[in-house]
Amino acid sequence: MDFELTEEQRLFRDTLRDFVDREIRPVVHEWEATDRYPTEIVERMKGLGLFGLTVPEEYGGLGADMVSFALVFEEISKGWMGIAGILGSHSLSCWMIARHGTSEQKERFLPDLAAGRRRTGIGLTEPGAGTDLQGIATVARRDGDHYVVDGRKTWITNARHASPLPVLVKTDPATTPAHRGMSVLLVEDGFEVLRDLPKLGYKGTESCELVFDGVRVPAANLLGGVEGRGMQQVLSGLETGRINIAARSLGIAQAAYDEALRYAAQREAFGRPIHDFQAVQLKIADMAIKVQAARLLVYWAASRADAGDRVDMQAGMAKTFASEAAIDCALASMQIHGGYGYSKEFAVERLYRDAPLMSIGEGTNDIMRTVIAKALTSGKESIG
Ligand SMILES: Cc1cc2nc3c(=O)[nH]c(=O)nc-3n(C[C@H](O)[C@H](O)[C@H](O)COP(=O)(O)OP(=O)(O)OC[C@H]3O[C@@H](n4cnc5c(N)ncnc54)[C@H](O)[C@@H]3O)c2cc1C
């Protein structure tokens, strides 16, 4: 068994670490507190080619393997998870267009998406339906060589910057089961951003509610060119999306551990560093175990995807464990910091606010557990 990164992956990780140290760490505290849009960091990410992570090389992207993909989200989230959000749904949708788009759609969108000249996101969730995507109410009615879209989407990351925004719609609302009447439209303009949703954490990147009021979308923008495949296209994209969230969780957990280790060595109580106390040592050991176990699950799920397997179960396991490790480690790190941990002057407070989103986004952990159990009880997957 080989648990090591390749030389190329190590070099890529070092480049990312250097980028995070130079461009993100110096500004994260101030920019996160003011919820400032990190335009300069986005420009630097374009320069590194990161918007082309999941775009094949023939369209000007990096065509990165899934382990390298995970490294990007881990390393950036060690510095600021909100920045990883800007790349997250962009990468998911680039992957979906590369995998399911027509040749014309790939040629038209992928080179610009890879360079960051165009950006994207994913429009699935609605005010009345998130987990239950077959319950969405957004409808696209065919009108000549266009679709006319009516509905609402909410919590859409990157909404102000996305063109095209892949939007899950019902092209045949009467069909049962509902997923057979669902499609993805690549919407370039015409929707209204109603508002930015106020959030506990995940600052820097926008999360918006959108209205589609008779938005006309050319029929040529139907992803893959065939109606009724939207749910299947989206679910395959979410597989990579869950590796991204698992890797972001790992980054948060590692950062919480790093902060705790550093603080416990510096802070003195009763004439000695607090890391001499067994109660603190137990927390540090538990955090290290969780971080390392999360890392193995994340890289394992990513490497199974690189081997060409379907990884619904593996990505679900990695996402569930790593996100819960992030939540546990953020709290333990805060406790090790004592009163300072509760202060906005220390990074651990941000990690504590960012961690819970990891158990919600791209499928809640409840749903991850049902996906894992279904794969095992149906005999499709096994462990041991
Ligand atoms: C900051 C942020 C950014 C986001 N970005 C995007 C984005 O870019 N694009 C996008 O489309 N969406 C986005 N989302 C939405 C996110 O994907 C949904 O919030 C998530 O899928 C859960 O859906 P919901 O909020 O409707 O919760 P619900 O589906 O209403 O779930 C509520 C609770 O019920 C449980 N539950 C529901 N159904 C079941 C079931 N069958 N079995 C067991 N438990 C169940 C859930 O686990 C959860 O605990 C974002 C959300 C947030 C908070």
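In helix α8, residues A330, L331, S333 and M334 meet V348, L351 and Y352 of helix α9. Two residues are in contact here if their C-beta atoms, placed from the backbone, lie within 7 Å. By class, the residues of this α8–α9 contact are 6 nonpolar, 1 polar and no charged. Ala, Val, Leu, Ile, Met, Phe, Trp, Tyr, Cys and Pro count as nonpolar, Asp, Glu, Lys and Arg as charged, and the others, Gly among them, as polar.

The model is predicted: local features need pLDDT of at least 70, side-chain atom pairs count only at pLDDT 80 or more, and totals for chains, interfaces and linings use all residues. Residues are numbered from 1 along each chain as its sequence is written.

**Helix packing**

Two packed helices are described by the angle between their axes and the distance between the axes. Helices (H or I, at least four residues) and strands (E, at least two) are DSSP runs, numbered from the N terminus. Axes are lines fitted to C-alpha atoms, for helices over the stretch in contact, and angles run from 0 to 180 degrees between N-to-C directions.

| Pair | Angle | Axis distance |
|---|---|---|
| α8 (residues 312–336) and α9 | about 155° | 9 Å |
| α6 (residues 230–266) and α9 (residues 347–354) | roughly 155° | within 10 Å |

Angles under 35 degrees count as roughly parallel, over 145 as roughly antiparallel, 65 to 115 as roughly perpendicular and the rest as oblique. Helices α8 and α9 are therefore roughly antiparallel, and α6 and α9 are therefore roughly antiparallel too. The crossing of α8 and α9 is left-handed, and that of α6 and α9 is left-handed. A crossing is left-handed if the near helix is turned anticlockwise from the far one by less than a right angle, and right-handed if clockwise.

On the α6 side, I252, A255, A256 and E259 meet A347, V348, L351 and D354 in α9. The residues of this contact comprise 6 nonpolar, no polar and 2 charged.

**Domains**

The chain is assigned domain 1 (7–115), domain 2 (133–228) and domain 3 (232–377). These bounds come from an automatic or database domain assignment. The centres of domain 2 and domain 3, taken over C-alpha atoms, are 31 Å apart. Contacts between them join 7 residues of domain 2 to 6 residues of domain 3. The side of domain 2 that touches domain 3 has 5 nonpolar, 2 polar and no charged residues.

**Around the ligand**

The ligand has 23 residues around it, and L124, G130, T131, T157 and D366 come nearest. A residue is near a molecule or strand if its C-beta atom, placed from the backbone, lies within 6 Å of it. Elements that give two or more residues to this shell are β2 (146–157) and α10 (365–377). By class, the shell has 8 nonpolar, 12 polar and 3 charged residues. Domain 2 and domain 3 each supply at least three residues to the shell.

**Backbone in the loops**

Most residues other than glycine have a negative phi, and most peptide bonds are trans. The bond from S163 to P164 is cis, with omega near 10°, and P164 lies in the loop between β2 and β3 (165–170). T176 and P177 are also joined by a cis peptide bond, with omega about -10°. P177 sits in the loop between β3 and β4 (182–187). D35, a residue other than glycine, has a positive phi near 55°. D35 belongs to the loop between α1 (7–34) and α2 (39–47).
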